[in-house]
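Biologist: Please show the structure, and let us discuss its elements one at a time.

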Amino acid sequence: MDNTRLKGKNCLITGAARGMGAAVAEHYAAQGAKVCVADINIEGCEEVASRIKANGGDAIAVKLNVTDRAEVQAAVKATVDAFGSLNVMVNNAGINKPLMFLDITEENWHQIMDVNALGCLLGMQEAAKQMIDQGKENGPYKIINVGSILSRQAFDDVVPYSCSKHAVLAMINGGAKALVDHNITVNGYGPGVVRTELWEQLDKDLVSIGKFDKQGQSMDELAEKMILMKRYSYPEDVVGTASFLASAESDYMTGQLLMIDGGMIMQ
């Protein structure tokens with residue numbers, strides 16, 4: 001592994017206490033980045049930051065509720081205070097709670113949309129403000145939003161989540177246009193079925209609403225019936241693309257959502 005690919009990059013990653021966010025944080029650090037590990041789960045953040053430091057990297061842990069602008073501002077400030085600047089913002093935090101279409105409640109809708117869509121917007125805005133203050137001559141800066149296969153289609157049992165991830169794609173497109181003159185690129189990656197704690201909970205929830213009969217069935221059936229490569233993924237399948245988008249190799253790219261789904265969605 002190239003441990004200098006992201007050297008000089010100071011990064012803030014939301015939802016980084018576990019799963020894909022934690023894997024991306026550790027991968028970035030292994031490639032030379034300094035990382036702010038941010039999540040509402042501060043204990044998980046501290047564990048991830050400790051692992052990074054034990055492996056010779058540089059990291060801080062920050063408690064962050066992405067739906068609270070003041071907390072997002074504080075996380076950006078903590079990153080800058082610790083490392084001197086902010087070069088890369090990864091809006092990874094997300095939640096899901098499946099319900100069949102006619103069972104969707106206002107509470108379910110607002111909870112998912114607030115974290116996944118509003119949280120992404122606030123992260124983009126506050127990171128961009130800091131990057132603009134640092135001066136475009138010190139860029140290019142990178143804002144990276146985590147989308148989904150459901151940024152490009154929808155399933156009937158996760159409609160609010162699908163809407164939130166369509167919103168993430170819209171913010172990639174709109175943000176790229178809004179920020180290009182400040183030497184800020186906005187891109188994203190769209191994972192498919194990734195075996196993490198979030199998907200394992202989703203799998204249990206899908207059984208509880210009657211979508212599947214037993215745990216593990218959702219991942220296995222999606223792999224068999226919908227994923228061209230016939231397997232679901234793990235966080236290590238995602239980190240390379242996340243690293244590419246943070247690196248100089250993607251400097252001439254903006255407004256794009258790269259799918260990492262084993263050929264599940266081809267468009």
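Modeller: Just after helix α3, Gly84 takes a positive phi of about 100°. The model is predicted, with local features needing pLDDT of at least 70 and side-chain atom pairs pLDDT 80 or more, while totals for chains, interfaces and linings use all residues. Numbering starts from 1 along each chain as its sequence is written, and side-chain values use heavy atoms, without hydrogens and water.

Biologist: Which residues of α3 are buried, and what arc do they cover?

Modeller: Buried means under 20% relative accessible area, exposed over 50%, and partly exposed in between (1.4 Å probe, protein chains only). The buried residues of α3 are Val72, Ala75, Val76, Thr79, Val80 and Phe83. They lie on the same side of α3 because the arc, taken from the directions from the helix axis to the C-beta atoms, is only 130°.

Biologist: Which exposed residues does the face of α3 turned away from its buried side carry?

Modeller: The buried residues of α3 are covered by elements including β1 (10–14), β2, β3 and α4 (106–134). On the face turned away from that buried side, the exposed residues are Lys77 and Asp81.

Notes:
Helices (H or I, at least four residues) and strands (E, at least two) are DSSP runs, numbered from the N terminus. Contact means heavy atoms within 4.5 Å.
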